[in-house]
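Please look over the predicted model shown below before reading on. The questions that follow go from one residue out to the whole chain and then back to particular places.

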Amino acid sequence: MITLTFPDGAKRQYPAGTTGRAVVEGIAKSLAKRTVAMALDGKLTDLDEAIAHDAQIEFISRDDPRALELIRHDCAHVLAEAVQTLFPGTQVTIGPVIENGFYYDFARNEPFTPEDFPAIEAKMREIIARDKPFTKEVWSREKARQVFREKGEHFKVELVDAIPEGEDVKIYFQGDWFDLCRGPHMTSTGKIGNAFKLMKVAGAYWRGDARNPMLTRIYGTAWASEADLDRYLKQLEEAEKRDHRRLGREMDLFHFQEEGPGVVFWHPKGWTLFQELVSYMRRRIRGDYQEVNAPQILDKSLWETSGHWDWYRENMFAAQSAGDEAEDKRWFALKPMNCPGHVQIFKHGLKSYRDLPLRLAEFGIVHRYEPSGAMHGLLRVRGFTQDDAHIFCTEEQLADECLKINDLILSTYADFGFDEIVVKLSTRPEKRVGTDAMWDHAEDVMMHVLKEIEARSGGRIKTAINPGEGAFYGPKFEYVLRDAIGRDWQCGTTQVDFNLPERFGAFYIDHDGAKKTPVMVHRAICGSMERFAGILIEHYAGHFPLWLAPLQVMVCTITSDADDYAREVAAKAGRAGLRVEADLRNEKITYKVREHSLAKVPVLLVLGKREAAERTVNMRRLGSQEQRSLPLTEALELLRREAVPPDLRKTIDPSNHGEPERHLTLDGHHVVASTVA
RNA sequence: GCCGGUUUAGCUCAGCUGGUAGAGCAACCGCCUUGUAAGCGGUAGGUCGGGGGUUCGAAUCCCUCAACCGGCACCA
């Protein structure tokens, strides 16, 4: 006999080997009907599974959040059956659940297109309506191999071979159709429901390896209810509206063109935003770091020394004199990183232990030949500006430096309203330089720091390990932030490097007069300023906080009688440090309001005869219909205060709390609450 | 780089089975002096992504290159 413990704490005895279905049917017909699977000691399991040991048991109904992954997984199976029914000869491979849905990879000579979706979806609905039970069989490896080989399912044969010895080879049937699968599944296909949709087709390498053949992947989404599906589709539309490429065009921030794939043409407004970000970062590092500037192109020998030429040559740009008769035909590489340049600066002149830690920062422009398919607006470009720095320090100083960087990164993110951060430690990759002893040591230090980061945050910062994801020269921390609509972006990074200083022969003179090699830490907060700008555009949906808005104030006249006053208002706003323009065009005020609202100008000052006579302004804020009439001087003072960047608020004017509405404090830093679209 | 798709006016898009291009908005010119998300009328604007081919004839069919989009792979 075994003892099962139910969610309400009740315990009951059953013969060993009883199935979940038998248990639930013994409790209540209605419960059995609702149940699609069970959880044994918290683990999702087929309802028909025989229960061998004492366990906590819970019956999972279809609307249980845990059932969602089953719905999606089952849906993937149904997709595969539908595809094989409609397109005989198609081989199935794998079909896992992913965030918001699932996919299934197929092998077929003719790829699928979205035009195939209606037919496939119809077939899927048919299979779901048939409501065949999912039933599991455990096969021997030989049988599985043989059956799939005979069916011409060569990828499945490979999958069978990949199952570790000692693990069952499980086959799930849904009627006549079956698939090799780890499970679990719901009780029948009918439980999937109708809240699913095929989303897109894409190529994907077999087993995620570019050396393998390419399969056709069909992505789908599936939800417990139509309402959930609709909500998800709405969300996608919302995300599309915030696409920085679209907003970049609509707000006239930047553009790309054919002659410069992956390099940005920043327009005046976009460049204002960009420079505002750079200025912010400059202020944040002032005092601690020294800013430098290293050359854009350097002899390739330097990159050979650093190791980049060996490791990343395929992804580097090289330049040479263009003249056929030039006497110097050496190859120069456009810098893909700033570190070798900074090591040269460190090496110039003798350094003492008293100089350490030495922190060299650079807003360096780097170029990397990214694969053509990788480019994506500002988020992945071939030329970008890093808010980069290299810290030369002793081993004893290393942990403190990492923690100091951590403070800078977290407080910076907080200033932009990012407060959900995950710090990941990436450990040694297969392809690397340096001894194992060195890696052991470096990872040791980093692990210790990671724990300290977590402890200091009071549990607010989550941490994780990314095995094998480190840089070739050392382990690294990656800072992942979550934006206003829940998407994660890896931005900041701290990388410990025991290699480069040694490769370049950098040293300092220690207490005892001996030469010692410093440890180098690479660090970036925004990472790529271009990318960070893109993330901010999407995060704020173009509705920037006043200090970042490229154009902060638009003065709009209602009639030409207010023109002189409008010029005066704009001039005064400009003198108050605000970025302002005046719209004196002969247009209706509704027209102007619409146009500047679409351009996402945060503040409209509307001026008519009345305002000119009374020396007031009528203020309208982006995203609100509210009109607020106030004296000119008062309005300008209000806006001037609000436009103070978050880092300066505390230092310059402690009494200034900026926007009265929606601000919160995190670790003592001002946070601009997420702006809604 | 790989798979699939797309590329027509500044922007968003139409153009069926091949018969030398069309709308809305924007721009420009007038009229309207206007009170918080589109006043009215007119004018101009395109080597249909580049190159090659098939054809009496190509935006339309084929080849090729490029850029972009969605994924995959990559991301020092």
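**A lysine and its surroundings**

Q: In which loop is the place of Lys335?
A: Taking helices (H or I, at least four residues) and strands (E, at least two) as DSSP runs numbered from the N terminus, one finds Lys335 in the loop between strand S21 (332-334) and H12. This is a predicted model, in which local features need pLDDT of at least 70, side-chain atom pairs count only at pLDDT 80 or more, and totals for chains, interfaces and linings use all residues. Residues are numbered from 1 along each chain as its sequence is written, chains are lettered from A and ligands numbered from 1 in the order in which they are written, and side-chain values use heavy atoms, with hydrogens and water left out. The loop asked for is therefore, under the DSSP rule, the one between S21 and H12.

Q: Is Lys335 buried or exposed?
A: The classes rest on relative accessible area, found with a 1.4 Å probe on protein chains only: buried is under 20%, exposed is over 50%, and partly exposed is in between. Because the relative accessible area of Lys335 is 1%, this lysine counts as buried.

Q: Which side chain is joined to that of Lys335 by a polar contact of 2.7 Å?
A: A polar contact is a pair of N or O atoms within 3.5 Å; within protein, one must be able to donate a hydrogen and the other to accept it, and residues adjacent in sequence count only if both atoms are side-chain atoms. The side chain of Lys335 reaches the backbone oxygen of Ala294 at 3.0 Å. By touch, meaning heavy atoms within 4.5 Å, and not counting residues up to four places away in sequence, its neighbours include Ala294, Trp303, Glu362 and His367. The side chain joined to that of Lys335 at 2.7 Å belongs to Glu362.

**The chain as a whole**

Q: What share of the residues of chain A counts as buried?
A: Chain A comes to 21 helices and 37 strands, and its C-alpha trace spans about 85 × 75 × 60 Å along the principal axes. Among contacts with a separation of 6 or more, residues 24 or more positions apart account for 67%. Of the 677 residues of chain A, the share that counts as buried is 51%.

Q: How far apart do the centres of the positive and negative side chains of chain A lie?
A: Lys and Arg count as positive and Asp and Glu as negative, with His and the chain ends not counted, and the place of a charge is taken as NZ of Lys, CZ of Arg, CG of Asp or CD of Glu. Chain A has 91 positive and 104 negative side chains, and the distance between the centres of the two sets is 3 Å.

**Around the RNA**

Q: Which element gives the most residues to the surface near RNA strand B?
A: A residue is near the strand if one of its heavy atoms lies within 4 Å of it; of the 55 residues around RNA strand B, Asn586, Lys588, Arg594, Glu611 and Arg620 come nearest. With 7 residues, the element that gives the most is H18.

**Backbone details**

Q: What is the omega of the cis peptide bond that joins Leu356 and Pro357?
A: Pro357 lies in the loop between helix H12 (339-347) and strand S22 (358-367). The peptide bond from Leu356 to Pro357 is cis, with an omega of about -5°.

Q: What is the phi of Arg615?
A: Arg615 lies in the loop between H19 and S34, and at 38% relative accessibility this arginine counts as partly exposed. Although Arg615 is not a glycine, its phi is positive, at about 55°.

Q: How far apart in space are Phe317 and Lys572, C-alpha to C-alpha?
A: Phe317 lies in the loop between H11 and strand S20 (318-319), and its relative accessible area of 26% makes this residue partly exposed. Phe317 and Lys572 are 255 residues apart in sequence, and their C-alpha atoms are separated in space by 48 Å.
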